[in-house]
Amino acid sequence: MKKTIIAATAAALIAGTAASFAASSTAQSPAPAPATAAQPAEKAERWHPTPADQAALTDARIAALKAGLKLTPDQEKLWPTLETTLRDVAKDRQARMAEWRKQRESGQKPDEIARLRFAASAMSARAADLQKIADAADPLYKTLDEGQKHRLQILLRQDMPHGPKGEHRGPERGPQRG
């Protein structure tokens, strides 16, 4: 049971990695265009992944997961349910991130109670996503052999939305101060 929960949690993380990867890649992307006289340096636009970018990254991660598992024909029959769930969860997460970005860019600074409510809402949404993925992944996970389970753990560790020490880097943490 513990392995099932771990695998389901790991699968959930795959669903959210497209956005997390995009968020972390902004630190690695080229510097934003130099500010012009009409656009001061503090207002220079940062690159944000487009919905097409996010969809492409989600597709790539799901394809990599499937390829890495090397599913048998019987397991292939169980894959579509999990894949659909992963895509739906990724789409929902991307919508939440877009809303968060829109709120942040509006320039309004939420008070501490609003921040707490936002964090609670984000946690609830992530918990619901994890439950959906766990429910969808369970039938497939039960059919995986030990080698596939090991590969699953390796594939998911490479794509975690947390740093090596578990620090959170994604925007679902809520609006930042300042």
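The term pLDDT stands for the predictor's confidence in each residue, on a scale from 0 to 100. Residues are numbered from 1 along each chain as its sequence is written, and side-chain values use heavy atoms, with hydrogens and water left out.

Let us start with confidence. The mean pLDDT of the protein chain is 76, and 63% of its residues reach 70 or more. Where pLDDT is low, the predicted coordinates should not be read in detail.

Now for the overall plan. The protein chain has six helices and zero strands, so its elements run α-α-α-α-α-α from the N terminus on. Both kinds of element are DSSP runs numbered from the N terminus: helices are H or I runs of at least four residues, and strands are E runs of at least two. How far apart in sequence are the residues that touch? Among contacts between residues at least 6 apart in sequence, 82% join residues at least 24 apart.

Next comes the surface. The accessible surface of the protein chain comes to about 11000 Å², of which 58% belongs to carbon and sulfur atoms. Accessible areas come from the Shrake-Rupley method with a 1.4 Å probe, and for residues only the protein chains shown count as cover. A residue is called buried under 20% relative accessible area, exposed over 50%, and partly exposed in between (1.4 Å probe, protein chains only). Buried residues make up 36% of the 178 residues in the chain.

With these words in hand, look at helices α4 (residues 79-105) and α5 (residues 112-141). They pack at an angle of about 170°, with their axes 8 Å apart. That makes α4 roughly antiparallel to α5, because angles over 145 degrees count as roughly antiparallel, while those under 35 count as roughly parallel, 65 to 115 as roughly perpendicular and the rest as oblique. The axes are lines fitted to C-alpha atoms, for helices over the stretch in contact, and the angles run from 0 to 180 degrees between N-to-C directions. Residues making this contact include Trp79, Leu86 and Arg96 of α4, and Phe118, Ala125 and Leu140 of α5.

Arginine 96 and alanine 125 are 29 residues apart in sequence and 9.0 Å apart in space, C-alpha to C-alpha. With a relative accessible area of 23%, arginine 96 is partly exposed.

Also in α4 is glutamine 94. Is glutamine 94 buried or exposed? At 14% relative accessibility, it counts as buried. Its side chain makes a polar contact with the side chain of threonine 58, at 3.4 Å. A polar contact is a pair of N or O atoms within 3.5 Å; within protein, one must be able to donate a hydrogen and the other to accept it, and residues adjacent in sequence count only if both atoms are side-chain atoms. In helix α5 sits arginine 115, which is buried at 16%. The side chain of arginine 115 reaches the backbone oxygen of proline 110 at 3.4 Å.

The loops are worth a visit too. Histidine 48 is in the loop between α1 and α2, and at 24% relative accessibility it counts as partly exposed. Not counting residues up to four places away in sequence, histidine 48 touches Arg101 and Glu105. Lysine 70 is in the loop between α2 (51-69) and α3. With a relative accessible area of 61%, lysine 70 is exposed, and it has a positive phi of about 50° although it is not a glycine.

Finally, find leucine 152 in helix α6 (residues 146-158). Leucine 152 is buried, at 8% relative accessibility. Leucine 152 and leucine 69 are 83 residues apart in sequence and 6.6 Å apart in space, C-alpha to C-alpha.

Definitions and conventions. This is a predicted model: local features need pLDDT of at least 70, side-chain atom pairs count only at pLDDT 80 or more; totals for chains, interfaces and linings use all residues. Contact means heavy atoms within 4.5 Å.
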